[in-house]
Each structure stands twice: as C-alpha cells, then as structure tokens.
Amino acid sequence: MRVEEIKAAVEASPLLGGCNLPASGMQVKYCHKGQIVSDRQKNEEILGLIMDGSMDVYSIALDGREILLSQLEKEEADWDVAFGVSADALEEGKEYWQTGKDAWTGYSAVSFVILYNTNVVTYRELPTGWDSLLEPRWKGRMAVPDPLKSDMAASVLTEAAKNSEKEEFLDLLAENMQYQMPETFKEVEQGISDGRYSIGVTSEEAAKAMLAAGQDVDYIDPEEGECFFEDGTAIRKRTPNLDASEAFVTYTTCDDTKWLLRTQLLRQPAEDVAAENDRSDEDLKQRYSRQQEVLNIWKLIMEEKSGSAHEQEQ
C-alpha cells in the first residue's frame, strides 16, 4: 500500500484524523468488507490501522441518526461496532447492543462555547448566551454547522433551543444565518478566524487551541450553563466478530486513546465528564427525544425556505 493511501486512511479515521501521525508508524491490513462500519464508501475495503504498541484501530464511524436505529430495527445491519455515536442514540438503542457490564461504552465528550472574532466584535457587543446568536447585527455573520449533517451541532441546537427565551428560536436562528450554514465546526472556526463570520459555536477545546495559537478570537461560556456532547461505542448483538469488536472497544478507553483525545483531538475522555456530571439513562432518552423534535422542526424550516425560493424563481 502506498504511503499516500495510508495518510488518507489516517486522516479519514474519526479516531486518528488530525493527529499528524507519520505514515511510517503504521502497518496496514484488510478486513472483510461490510463487517465493520467504515467512514469510506460502502463496499470499499476497510483499513485496519495498527499503531506501535497499541491494539488494532479500525477506521470506523457511524452517523447515529439516519442509519443506526433504522438498520437495527429492520435487522439489516451488517456491521459489528457503532463508534462515535451520540450517547443519546446509544441509550435509545440499548436493546440492540451486546450485553455486558454496560450496554455501551463512553468514548469522548465535547463542551461548547460561543466563539467570536476580537477584531470585529466590540466590548459592548460581546455575546452572553444562546439568544445572542439571534441578534440582528449578526445577520449573515453568525455560524453554526448544519444540524442535519452533524450530531454535535444537533446536540448544541437542542440545548440552545431548550434554554432560549424565544419560543421560535430555531426559526430566528435559521433566518439570522440567511439559511446558509457550514457543514463542520472546522469551517466555523476558520470563518471566524479570517473574519468571514463574527461569532459562532465551537468546542471549548478548539477555542482554547485557537487562542494558544495567537489567533484574533476569544470565547464565552453560555450563561445558561455548560453544553456537552457525549459519544460512545457499542457492539451489535449477534456480531460474528465479537473478539475483534471487544478489542476495539478496549482500545477506545485505554491510556493511549485518552492521550490522543486530550492532546490531539481536543476532546475529553467520556469518563472525565461522567465523573463531573451525573446523568441518568432516562435523561439521555429524554435528550434524544428532544433532539429528534429539533431535527424535525429544522427540516421543516429548511424545506419551507427551499420551496419558497423555488416559487420565487418561477
């Protein structure tokens, strides 16, 4: 396998992407097609990345909204491990996971803040909380990733809508972004750094990294309180590759992975957050239900805007 292909596989990995790990430190082997959910196109061969002295790390990912529960309910799943899936979705689908001490295992947690460009936002304009994103002065200059394309963005908007004083928070937010939004948090961060946007939402860890790099940005914690996104890993019941799946889950909680999370991926290990925030299984289920409601409303908002724009063209 060529070095360029190894580099591409590393960057595609939700576990290793962005770590700048040298391709020379990797070995490669192929797994059976379709047995582990891949972040590459379906039916392509899945790359197993092996770091020196570590367990096998498979490049796997799962959206968690569109595929996860619907495939499991229809018994159409041909994968072993659900990885990087929101804790809410994992709890909702608990009946489908391999039983053990816990049905699923926490992987990481991200806290979110409001980021702003210090060259553009004055002291009098500083945001204070989620409703600051609705201020008319930021129309077309405020960014949150599309919640239909990002589980983390969906989690943020669910929390923001719940705590907002505005009943029509989602409608006002979409209008203030002029119904145009980036797909990723990295696009938000880059846009705020170069002045394309004035304010937006990103993770606290990413904001700290930008500050440490000397970029002209700063951030505030929303006055409504902390907003966390938690994700985890689960093994599908009746998987034919149980030993390999358990080895992967073990890797996601080992010290090497925790080091990667803290130092390279700008996240916290899930166990760190769990120790600070007591949340019940019922809390997770309620949060999942609220998130589905938010996503349904957001879809309607965007469909109505798309339909309106089509009528105007005619």
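## Terms and overall make-up

A residue is called buried when its relative accessible area is under 20%, exposed when that area is over 50%, and partly exposed in between, with a 1.4 Å probe and protein chains only. The model is predicted, and for that reason local features need pLDDT of at least 70 and side-chain atom pairs count only at pLDDT 80 or more, whereas totals for chains, interfaces and linings use all residues. Residues are numbered from 1 along each chain as its sequence is written, and side-chain values use heavy atoms, with hydrogens and water left out.

The secondary structure of the protein chain comes to 11 helices and 10 strands, where helices (H or I, at least four residues) and strands (E, at least two) are DSSP runs numbered from the N terminus. The chain has 314 residues, of which 47% count as buried. If contact is taken as heavy atoms within 4.5 Å, then among the contacts between residues at least 6 apart in sequence, 73% join residues at least 24 apart.

## Loop residues with positive phi

Arg238 belongs to the loop between E9 and H8, and with a relative accessible area of 68% it is exposed. Although Arg238 is not a glycine, it has a positive phi of about 65°.

Gln178, in the loop between helix H5 (169-176) and helix H6 (185-193), is likewise not a glycine and has a positive phi of about 55°. Its relative accessible area of 44% makes Gln178 partly exposed.

Ser203 lies in strand E7, which runs over residues 199-203, and is buried because its relative accessible area is 10%. Once neighbours within four places in sequence are left aside, Ser203 is in contact with Val110, Ser111, Phe112 and Val113.

Glu226 is placed in the loop between strand E8 (217-220) and strand E9 (228-235), and counts as exposed because its relative accessibility is 55%.

## Arg137

Arg137 is part of the loop between strand E5 (105-117) and strand E6 (142-143), where a relative accessibility of 40% makes it partly exposed. Its side chain is joined to that of Glu135 by a polar contact of 2.4 Å; such a contact is a pair of N or O atoms within 3.5 Å, and within protein one must be able to donate a hydrogen and the other to accept it, while residues adjacent in sequence count only if both atoms are side-chain atoms. Between Arg137 and Asn176, which are 39 residues apart along the chain, the C-alpha separation is 9.0 Å.

## Buried faces of two helices

In helix H8 (residues 242-252), the buried residues are Ser245, Phe248, Val249, Tyr251 and Thr252. They cover an arc of only 155° around the axis, and therefore lie on the same side of H8; the arc is that of the directions from the helix axis to the C-beta atoms.

In helix H9 (residues 255-263), Thr257, Lys258, Leu260 and Leu261 are buried. Down the axis of H9 these buried residues fall within an arc of 160°, so they line one face of the helix.

## The cavity

Rolling a probe the size of a water molecule over the atoms shows where empty space is left. On a 1 Å grid over the protein atoms alone, a cavity is a set of points where a 1.4 Å probe fits but cannot get out, and its lining residues have an atom within 4 Å of a point. Grid points are joined across faces, edges and corners, and a volume is the space filled by probe spheres set on the points. A search of the whole structure finds 1 cavity of 30 Å³ or more, and the largest cavity has a volume of about 40 Å³.

The lining of the largest cavity is made up of Asp88, Ser155, Thr158, Glu159, Cys227, Phe228, Arg287 and Gln291. Helix H4 (151-163) and helix H11 (281-313) are the elements that give two or more residues to this lining, and H4 gives the most, with 3 residues. By class, the lining has 2 nonpolar, 3 polar and 3 charged residues, where Ala, Val, Leu, Ile, Met, Phe, Trp, Tyr, Cys and Pro count as nonpolar, Asp, Glu, Lys and Arg as charged, and the others, Gly among them, as polar.

Note on methods: 1 Å grid on protein atoms, 1.4 Å probe; cavity = no way out; pocket = protein on both sides within 12 Å on 5 of 7 lines; lining within 4 Å.
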